[in-house]
Amino acid sequence: AREMNVHARDLAVGHGHHPVVEHISFDLAPGDLLVLIGTNGSGKSTLLKTLAGLLAPLGGELSVLGGAPGSQPNEVAYLPQHPISTHTLPLRVQDVVAMGRYAALGLMRPMRNTDRDAVRTAMARTGADVVATTPIRDLSGGQQQRAHLAQVITREAKVLLLDEPTAGLDINGRRLVAEIIAEERAKGCTVVLAT
């Protein structure tokens with residue numbers, strides 16, 4: 001049998017005790033792409049948060065990389081629909097992208113050359129490099145989205161959970177996201193995408 005990065009069987013997801021979606025079953029191998037399509041409130045974000053380990057499953061089976069969701073934070077990267085607002089902090093884009101390495105590093109460990117390379121590469125791939133030293137609060141929504149996407153791919157995770165990653169992006173930005181997803185899948189990354 002092929003190894004499965006994500007396994008769901010008769011899964012129910014929701015908030016508190018109220019299922020939003022039930023009877024979800026799927027298996028995702030390395031390199032697989034699952035696209036969640038639906039209106040707002042249909043449960044796409046709820047399922048992504050459950051896969052990320054931020055919400056507990058309400059029923060059924062769910063394993064991510066062979067363990068409970070959330071048990072391997074270094075290997076799962078999650079881009080929420082509304083990334084935590086960094087507007088109150090004078091963080092530059094490169095600082096926000098570098099935060100993607102903290103899961104692997106631990107907060108107090110200094111950045112290594114491999115980390116700096118990963119940050120530079122992610123910023124170049126998403127086009128965030130042109131605004132690297134700009135405070136993120138001074139950027140347009142589309143530029144902020146590129147920075148948050150760079151933060152997620154700098155994690156070099158095995159499972160990528162993307163909640164509306166093209167929000168605020170123009171046609172070039174959307175094309176870029178599609179290319180990044182294809183590149184990550186070619187490396188064996190499993191991608192779950194809500195749109």
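The largest nonpolar core of this predicted model has 31 residues, and Val-93, Met-123, Leu-160 and Leu-162 touch the most other members. Two or more residues each come from strands S5 (76-79), S6 (159-163) and S7 (190-194) and from helices H2 (93-98), H4 (113-126), H5 (141-153) and H6 (171-186). The most, five residues, come from H5.

**Secondary structure**
- The chain contains six helices and seven strands.
- Their order along the sequence is β-β-β-α-β-β-α-α-α-α-β-α-β.

**Overall dimensions and packing**
- The radius of gyration is 17 Å, which agrees with a compact globule, because 195 residues in such a globule would give a value near 16 Å.
- The C-alpha trace spans about 45 × 35 × 30 Å along the principal axes.
- Buried residues make up 44% of the 195 in the chain.
- Among contacts with a separation of 6 or more, 69% join residues 24 or more positions apart.

**Surface and charge**
- The accessible surface is about 9900 Å², with 53% of that area belonging to carbon and sulfur atoms.
- Positive side chains number 19 and negative side chains 19; the centres of the two sets are 5 Å apart.

Terms used. Residues are numbered from 1 along each chain as its sequence is written. This is a predicted model: local features need pLDDT of at least 70, side-chain atom pairs count only at pLDDT 80 or more; totals for chains, interfaces and linings use all residues. Side-chain values use heavy atoms; hydrogens and water are left out. A nonpolar core is a set of buried Ala, Val, Leu, Ile, Met, Phe, Trp, Tyr and Cys residues joined through side-chain atoms within 4.5 Å. Buried means under 20% relative accessible area, exposed over 50%, partly exposed in between (1.4 Å probe, protein chains only). Helices (H or I, at least four residues) and strands (E, at least two) are DSSP runs, numbered from the N terminus. The radius of gyration is taken over C-alpha atoms; the globule rule is 2.2 Å times the number of residues to the power 0.38. Contact means heavy atoms within 4.5 Å. Accessible areas come from the Shrake-Rupley method with a 1.4 Å probe; for residues, only the protein chains shown count as cover. Lys and Arg count as positive and Asp and Glu as negative; His and the chain ends are not counted. The place of a charge is taken as NZ of Lys, CZ of Arg, CG of Asp or CD of Glu.
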